[in-house]
Amino acid sequence: GYGPQGVTPPGAPAPLAEWWQRLVARIIDGIILAIPMVIISLVLGAILVTSGGFDLETGVITEPSGYALSTFLSTVIAGLIYVAYEFLMLRQNGQTVGKMVMGIKVVRVGGALQGGLSPDVAIKRAGVSYGPYALSGIPLVGFVLNIFTLVNVLWQLWDKPLKQCLHDKVASTVVVKTK
């Protein structure tokens with residue numbers, strides 16, 4: 001049969017995934033993970049957020065509250081869920097659902113195409129990839145982490161020869177085509 005098409009650089013067991021394949025895989029994973037996150041955010045908002053009001057009889061103004069705490073907790077929980085999802089899926093077979101759909105896989109540099117990543121490699125990659133998201137709700141720190149996240153994913157566009165993002169470099173992984 002026909003295998004993956006493209007040039008296989010040294011250290012990669014198959015041709016490297018294209019940037020757009022990785023992007024579409026992330027979008028698919030983002031849609032999947034958005035479903036539980038919307039539910040969690042709505043529940044936290046319903047529990048923590050209070051609306052403001054004005055009592056006509058006493059003239060007491062009640063300020064709305066809980067928005068910042070609800071947003072911060074939702075962001076932290078989302079970051080942890082994203083890290084857990086990425087870790088568990090890459091540990092199992094090197095692919096998230098989005099990567100399966102796109103026919104790409106994460107493997108160790110110099111590693112084999114079969115199997116998943118070891119726990120230490122999977123947690124490094126997931127932590128650098130999604131860990132900053134868990135803290136992005138903190139003012140100023142979140143701004144810096146969002147810039148880091150952008151640089152992280154764009155790094156593959158100028159990295160040669162393995163087209164690695166920063167999370168790939170930390171974990172010594174590459175993303176390759178499987179079909």
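1. An unreviewed UniProt entry annotates residues 17–171 as "domain: RDD". The model discussed here is predicted. Across residues 17–171 the chain is 64% helix and 6% strand. The end C-alpha atoms of that stretch are 17 Å apart.

2. Gln21 sits in helix H1, which spans residues 19–48. Its relative accessible area is 8%, so Gln21 is buried. A polar atom of the Gln21 side chain lies 2.7 Å from the backbone nitrogen of Glu18. Leaving aside residues up to four places away in sequence, Gln21 touches Met102, Ile104 and Lys177.

3. The structure holds three aromatic pairs. One of them joins Tyr82 and Tyr130: the ring centres are 5.1 Å apart and the planes stand at 75 degrees, so this pair is edge-to-face. The pair links distant parts of the chain, 48 residues apart. Tyr82 belongs to helix H2 (residues 67–93) and Tyr130 to helix H4 (residues 119–134). Both Tyr82 and Tyr130 are buried.

4. Tyr82 also pairs with Tyr133. Here the rings are stacked, at 5.6 Å centre to centre and 25 degrees between the planes. Tyr82 is in helix H2 and Tyr133 in helix H4, so the pair ties together parts that are 51 residues apart in sequence.

5. Tyr133, at 37%, counts as partly exposed.

6. Taken together, Tyr82, Tyr130 and Tyr133 make up one aromatic cluster.

Technical notes
Residues are numbered from 1 along each chain as its sequence is written. This is a predicted model: local features need pLDDT of at least 70, side-chain atom pairs count only at pLDDT 80 or more; totals for chains, interfaces and linings use all residues. Side-chain values use heavy atoms; hydrogens and water are left out. Helices (H or I, at least four residues) and strands (E, at least two) are DSSP runs, numbered from the N terminus. Buried means under 20% relative accessible area, exposed over 50%, partly exposed in between (1.4 Å probe, protein chains only). A polar contact is a pair of N or O atoms within 3.5 Å; within protein, one must be able to donate a hydrogen and the other to accept it, and residues adjacent in sequence count only if both atoms are side-chain atoms. Contact means heavy atoms within 4.5 Å. UniProt positions are given in the numbering used here, feature names are shortened, and annotations may be inferred rather than shown by experiment. Rings of Phe, Tyr and Trp (its six-membered ring) pair if their centres lie within 6.5 Å; planes under 30 degrees apart count as stacked, over 60 as edge-to-face and the rest as tilted.
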